[in-house]
Amino acid sequence: MEKIAITIKSVNKPGVLRDITDLMAKCGINIIYTHLFVEKDESASVYMELEDVKNREELKKNILKFEAVDHIEIHPSLTEIYGKRIIIIGGGAQVAQVAQGAITEADRHNIRGERISVDTIPLVGEEELADAVYAAGRLPRVEALVLAGSLMGGKISDAVAEIKEDHGVIVISLNMPGSVAKNADLVVTDPVQAGVMAVMAVADTAVFNIKRVKGKKF
């Protein structure tokens with residue numbers, strides 16, 4: 001049995017997703033990830049990553065029997081294409097510097113067969129930053145979060161504690177005032193180096209083990 005990723009284009013109406021998932025359940029297929037959204041032309045697009053697929057062509061033929069389904073495409077999964085995700089959140093200047101280090105280091109590892117992608121969002125405000133940190137725990141494939149700012153604490157620290165405990169996300173903080181730096185797995189003063197170390201912490205092709213330096217400042 002194999003794992004596959006599929007995209008199903010269909011009419012945007014109630015019950016379509018239910019019919020598709022019912023079919024997969026009857027076939028013993030496990031849905032490990034799904035994302036449903038509406039296209040610009042108002043058609044529905046359902047992306048799914050599946051495991052325990054016995055026959056991909058038979059599955060495709062059965063789904064196409066539904067009147068509402070227009071098209072199916074089987075393709076590599078997001079894990080295969082984009083791999084592990086590193087998310088950088090904070091002030092614009094600091095985010096840009098961390099991203100420089102992370103992207104440069106990710107390129108080095110991706111050439112060697114890794115798949116590591118880098119996402120960034122410059123934000124200000126305790127509420128906004130806390131919401132973004134909490135949301136990182138709800139995103140797929142997130143391995144590490146870098147908090148790049150000048151002052152972070154309060155609700156942001158609460159969010160950091162939750163994603164570390166509940167989702168196992170590695171949290172790296174720039175060296176800054178506030179309780180976030182105390183709660184992070186690693187504190188790095190230089191933003192470019194913070195980005196580099198975030199990639200090294202998640203890369204299978206790196207010899208760096210964050211557990212050996214956990215709680216330290218650099």
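Let me start with Ser173. This serine is buried, with a relative accessible area of 0%. Keep in mind that what you see is a predicted model. Ser173 sits in strand E8, which covers residues 170-174. Which residues does Ser173 touch, if we leave out those up to four places away in sequence? They are Leu147, Val180, Ala181, Ala184, Leu186, Val187 and Val188.

Next, Glu105. This residue belongs to helix H4, residues 92-111. Is Glu105 buried or exposed? Its relative accessibility is 8%, and the cut-off for buried is under 20%, so Glu105 counts as buried. Its side chain has a polar contact, at 2.9 Å, with the side chain of His109. Setting aside residues up to four places away in sequence, Glu105 also touches Val196, Val199 and Met200.

Now the sheet. Four strands make up an open sheet, and their order is E2-E3-E1-E4, with antiparallel pairing. At the edges are strand E2, residues 30-38, and strand E4, residues 69-75, each of which pairs on one side only. From one strand to the next, the twist averages 20°.

Look at one pair within that sheet. How many bridges join E2 and E3? There are eight, and the two strands pair in the antiparallel sense, with E3 spanning residues 44-53. For Thr34, the bridge partner in E3 is Met48.

Last, the helix on the sheet. Helix H1, residues 16-26, lies across E1, E2, E3 and E4. Relative to E3, helix H1 runs at about 10°. Strand E1 itself is residues 2-10.

That is the end of my part.

Definitions and conventions. Residues numbered from 1 in each chain as written. Predicted model: local features only at pLDDT ≥ 70, side-chain atom pairs only at ≥ 80, totals over all residues. Heavy atoms only, no water. Buried < 20%, exposed > 50% of the residue type's maximum accessible area, 1.4 Å probe, protein only. Polar contact = N/O pair within 3.5 Å; in protein donor to acceptor, adjacent residues only side chain to side chain. Contact = heavy atoms within 4.5 Å. Pairing = 2+ DSSP bridges. Axes fitted to C-alpha atoms, helices over the stretch in contact; angles between N-to-C directions.
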